[in-house]
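The sequence and structure come first.

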Amino acid sequence: MNVAVCVKQIPDPAAPGELDPSTLTLKRDGKLILDDSDSYGVEMALQLADQAGGGEVTLVSMAPRGETGGLRTALAMGAAKAILVSDDALAGSDALGTAKVLAAAIKRISPDLVVAATESTDGYTGTTPAQVAELLGMPSVTFANKIEVADGAVRVHRQTEAGYDEVECPLPALVTVTAGVVEPRYPSFKGIMAAKSKPIEELKVADLGLDPTQVGAAGARQEMVSVEEAEERQAGEVVVDEGDAHERIIAFLEQLKVI
Amino acid sequence: MGVDKIWVLAESVEGVPTATTLELLAAARSLGSTVEAFTWGPDTESLAPVLGAHGATRAYTVGDVSPGLPGAPVAAAMAAQVQAGNAPDMVLVATTYDGRDVAGRLSARLDRPVLTNVVNLTVEDGVPTSHHAIFGGTQVAKARFTGPGPAIFVVRAKSFVPEETGGGPAEVVTVEVPDLGRANDARVLERHVEERAGPKLDEADVVVSGGRGLGQPDNYAMVEELARLLHGAPGASRAIVDAGWVPYAYQVGQTGKTVKPTLYVACGISGATQHMVGMKGAKNIIAINKDQEAPIFGIADLGVVGDVHKVLPRLIDALKARS
Ligand SMILES: Cc1cc2nc3c(=O)[nH]c(=O)nc-3n(C[C@H](O)[C@H](O)[C@H](O)COP(=O)(O)OP(=O)(O)OC[C@H]3O[C@@H](n4cnc5c(N)ncnc54)[C@H](O)[C@@H]3O)c2cc1C
Ligand SMILES: Cc1cc2nc3c(=O)[nH]c(=O)nc-3n(C[C@H](O)[C@H](O)[C@H](O)COP(=O)(O)OP(=O)(O)OC[C@H]3O[C@@H](n4cnc5c(N)ncnc54)[C@H](O)[C@@H]3O)c2cc1C
């Protein structure tokens, strides 16, 4: 079974984010790393391919400046190869533009299963995977916290408001995973060494047969108008517990008429 | 361009429109002159009175989609209406499991972008403008579309307050679902409902949340007990959800639920921006944390610097003694 995993390479979330003052979009000029949210998808894909008794896990990523830092991490976990779409024409892409690129790249490898995260850490629109599925004419099951593959179909526990739905879907299909789906492995030293020589195919927009006006800032057809400071909430009273703080809390609850 | 017609994706559970649906209807009424719902399910007639009372004059429905999932058929039916000339200026969708599927697929079908994580909507110079909380809610960004509509917005829960208008039942109009090819092949085999007592997290008037400061999973029982005594719902930080102490449904924050209760009690939670963005709309906040420097104290109305293992048992005992 061949699996494509969408992996986003993002600025380190521990570093404070910053907007480019001219475009009001997020600055992405530092080193990029593997989005933690995608490590679950990579792990799940590796395990499913393993259980199926063979097949390849291919990473698909769109990122600026030919960035491969995050891809190397996922290759070190065990993925076989990667496709990276990197092109100046992609700067300022929105979720739909990104989906067009990812869908076109995925089409080249015709996988049995496409895996993405439910939402990315930096942009978190959570719409890209459904857009990819629609562009590929594929069924999709989002919010998976358990996945099995058997008899040409994927079986998913899909999170719901009230619990979960057991959903079955014939392959090929797209599934998005949550952090609960599986515990990602740490790349081993051997994996890190092996990753250095694994193939990363680098593509441009033209290689995918996409019209450059459909992607990037031009294709996004949306703009940030302004950024303002949000209203700050003020800190109130602070008490240090000397064994009696619960009394102060009770008084506060009474004042609020909660009790 | 002014805003005339607005569609609201109307979700329902067991024949009752969800709270977020009613929130979006209120938003739509404040922005446009005609509000219509777009829905699915076995019995739209039973939804029509509530949808109408909240301002929808019409409810388009694709009918029962089960055992399939709604994403593909609902998006395709909406797109077909738009392509046939029945196009709204705006489409409002809630940030829900099914909502994001519908919005994403609709966007791809119509080749229209989507603005997501919207926390407020205004019309400025005749242009629908969305407001987004960024950098953990410390800043508000405004955005708008520059191309042709419909303008699709995915709106976070609790961004608007539901309001009845006293309108009569919405007129139910059944619409066709075009051929979906393979896109609709997923089948729900079984639904599992986890029973929980007490009010729902995102509807509760009081929310008591626990974080890593509780030390170990068993101590979450104190949070549940306090929530019960205050007739509230228990919640959690992502740290203890990821650690498997409580289910994801308990999570408050950027990647969890947005709550706006009268009172939020944070126990052993540091106050990461991603947590605070989901709860700082609470009217009142009590925080209990042993670290005086914890960021949560920056937004708490009452901050208690103390050990949750001491303060919570005393508080629980004192509340029990009263009842
Ligand atoms: C604060 C902020 C707000 C934004 N708001 C909007 C908005 O309202 N509308 C909009 O259209 N765009 C928005 N964007 C831009 C958007 O986030 C990016 O353009 C991005 O390319 C795609 O969206 P996402 O990261 O939100 O994806 P999501 O839909 O959240 O991603 C889900 C999953 O899809 C896969 N994926 C997504 N992007 C890639 C990639 N480049 N390579 C490989 N896999 C990927 C990953 O598995 C990811 O976890 C915003 C960006 C920021 C920083
Ligand atoms: C993209 C992204 C999305 C995220 N989404 C969310 C989200 O939706 N919700 C969310 O909550 N987090 C989210 N996070 C995680 C967030 O950044 C924090 O890691 C998380 O909120 C921390 O949880 P915590 O406060 O329980 O744990 P910690 O930060 O470890 O804090 C524990 C606190 O307990 C205190 N403490 C310890 N012992 C005691 C004691 N005995 N008595 C009293 N106090 C004690 C400590 O002083 C400390 O302040 C997200 C992160 C990212 C990157």
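Helices, at least four residues long, and strands, at least two, are DSSP runs that are numbered from the N terminus. The model discussed here is predicted.

## Backbone features

Although A:Lys257 is not a glycine, its phi is positive, at about 60 degrees.

Chain B contributes two cis peptide bonds to this account, of which one joins B:Ser66 and B:Pro67 with an omega of about 5 degrees, while the other runs from B:Gly149 to B:Pro150 with omega near -5 degrees. B:Pro67 belongs to the loop between β5 (58-61) and α3 (71-83) of chain B, whereas B:Pro150 is placed in the loop between β9 and β10 (151-155) of chain B.

## The interface of chains A and B

Between chain A and chain B the contact involves 78 residues from chain A and 76 residues from chain B. The size of an interface is often given as the accessible area lost when the parts come together. For chain A and chain B the buried area is about 7000 Å², with 54% of it given by carbon and sulfur atoms. On the side of chain A, A:Glu134, A:Arg221 and A:Arg233 supply 12% of the area that this chain buries against chain B, more than any other three residues.

A:Glu134 also takes part in a salt bridge with B:Arg105, in which the closest N and O atoms are 2.7 Å apart. In total, 13 salt bridges are counted between chain A and chain B, and 41 residue pairs, with both residues at pLDDT 80 or more, are in polar contact across the interface of these chains. Among the elements of chain A that each supply at least two residues of the side touching chain B are the helices α3 (95-109), α4 (128-136) and α7 (245-255), and the strands β7 (140-150) and β12 (222-229). Sorted by class, the side of chain A that touches chain B has 36 nonpolar, 21 polar and 21 charged residues.

## Strand pairing between the chains

Which strand of chain B pairs with β12(A), and in what sense? The partner is β9 of chain B, residues 139-145, and the two strands pair in the antiparallel sense over seven bridges. Within this pairing, A:Ser226 stands opposite B:Lys142 of β9(B).

## The two domains of chain B

The domain assignment divides chain B into domain 1 (5-184) and domain 2 (201-322), and the C-alpha centres of these domains lie 32 Å apart. In the contact between them, nine residues of domain 1 of chain B meet 11 residues of domain 2 of chain B. The two domains of chain B bury about 790 Å² between them, with 44% of that area on carbon and sulfur atoms. In domain 1 of chain B, the residues that lose the most area to domain 2 are B:Gly136, B:Arg156 and B:Lys158, which together account for 65% of what that side buries.

By class, the side of domain 1 of chain B that touches domain 2 comprises four nonpolar, three polar and two charged residues.

Conventions
Residues numbered from 1 in each chain as written. Chains lettered and ligands numbered in written order. Predicted model: local features only at pLDDT ≥ 70, side-chain atom pairs only at ≥ 80, totals over all residues. Heavy atoms only, no water. Domains from an automatic or database assignment. Contact = heavy atoms within 4.5 Å. Buried area = accessible area lost by both parts, 1.4 Å probe. Nonpolar A, V, L, I, M, F, W, Y, C, P; charged D, E, K, R; others polar. Salt bridge = Lys/Arg side-chain N within 4 Å of Asp/Glu carboxyl O. Polar contact = N/O pair within 3.5 Å; in protein donor to acceptor, adjacent residues only side chain to side chain. Pairing = 2+ DSSP bridges.
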